[in-house]
Each structure stands twice: as C-alpha cells, then as structure tokens.
Amino acid sequence: QVQLVESGGGLVQPGGSLRLSCVASGRIYSIGDMAWFRQAPGKQRELVASIANDGYTDYADSVKGRFTISRDDAKKSAYLQMNSLKPGDTAVYYCKGRYTSQYGAGEVWGQGTQVTVSS
C-alpha cells in the first residue's frame, strides 16, 4: 500500500518558519508530480505549491516569495519551506503525489499536518 506521510507542522509565531516534509512509502518505483494543499477551518482546500518531475514549480499568489517547494527523488520526498508565516497561513497542510509502481501510475494524499501561526 502506498502512503504519503507528512511531518513538520506545529505552532509558530508570526514571522517564523517551518519546514514540512512528505515521504512516500510502499512498493513504488518513483514519485511524479508533487503538491502541497491546505485547508483552513470553514474553507475549501486550496493548492499552495506544486513541483513537477522536471523541477518546474508553481505557487499560490498568497505564498509567493515566502514558501519554497522542493523534492528529493532518491528519498521519494517533497518539502515545503515556509518563511515569514502569517496567521492566515494557519491550516491543515496536505501532501498529494503521483507515483509509479508495478501496478502502474497512481495518486495518493497524505493524512495532513497542522500548522498554527499565532502569538
């Protein structure tokens, strides 16, 4: 069974930083496009950042210049470096990734990690 496990969330003061990690486990050959989403209470889940196989990245306007997405294919992992955090960044952050396995291509979501920005 393929799983994505996120870590790195927590409580941070405004202006602080956090680094989220997303690691794929299971019998997979490789990871494909990876992305981070977030969902705040009472709001829809929104795309925060994505990174393609070739390294192309894209960001939501609200996080451009503050967040950086990266990947390590050898570790089957993706990361989200979050700087200059604001209370509006408070949400559950989810990793979504595509992968290839002996059974073909697939897509999977992580369970989420809570990020709270508050003084």
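Guide: Contact here means heavy atoms within 4.5 Å. This is a predicted model: local features need pLDDT of at least 70, side-chain atom pairs count only at pLDDT 80 or more, and totals for chains, interfaces and linings use all residues. Residues are numbered from 1 along each chain as its sequence is written, and side-chain values use heavy atoms, with hydrogens and water left out.

Start at Y93. Leaving aside neighbours within four places in sequence, Y93 is in contact with E6, L20, W36, F37, R38, V48, F67, L80, M82, G112, T113 and V115. Several of these names return in the largest nonpolar core. A nonpolar core is a set of buried Ala, Val, Leu, Ile, Met, Phe, Trp, Tyr and Cys residues joined through side-chain atoms within 4.5 Å. Buried means under 20% relative accessible area, exposed over 50%, and partly exposed in between (1.4 Å probe, protein chains only). The largest core has 31 residues. Those with the most contacts inside it are M34, W36, V48, F67, L80, M82 and Y93. β3, β4, β5 (46-51), β7, β8, β9 (91-101) and β11 (113-117) each supply at least two residues of this core. Strands are DSSP runs (E, at least two residues), numbered from the N terminus.

Next, the strand pairing. Two strands pair if DSSP finds at least two bridges between them. β9 and β11 run antiparallel and are joined by 3 bridges. Y93 has T113 as its bridge partner in β11. On its other pairing, β11 runs parallel to strand β2 (residues 10-12), again through 3 bridges. There L11 is partnered by T116. Side chains alternate along β11: T113, V115 and V117 point to one face and are buried.

Rings of Phe, Tyr and Trp (its six-membered ring) pair if their centres lie within 6.5 Å; planes under 30 degrees apart count as stacked, over 60 as edge-to-face and the rest as tilted. A search of the whole structure finds 1 such pair. The ring centres of F37 and W109 are 4.9 Å apart and the planes meet at 55°, so the pair is tilted. F37 belongs to strand β4 (residues 28-39) and W109 to strand β10 (residues 104-109), so the pair ties together parts 72 residues apart in sequence. F37 is buried at 14% relative accessible area. W109 is partly exposed at 35%.

Now the open sheet. Its 4 strands follow the order β1-β3-β8-β7, with antiparallel pairing. β1 (3-7) and β7 (67-72) are the edge strands, each pairing on one side only. Between β7 and strand β8 (residues 77-82) there are 6 bridges. S70 stands opposite Y79 in β8.

A charge sits over a ring if NZ of Lys or CZ of Arg is within 6 Å of the ring centre and within 35 degrees of the ring normal. The charged end of R19 sits over the Y79 ring, 4.2 Å from its centre. R45 does likewise over the ring of Y94, at 3.7 Å.

S21, in strand β3 (residues 18-25), is buried at 14% relative accessible area. Beyond four places in sequence, S21 is in contact with V5, E6, S7, W36, A78 and Y79.
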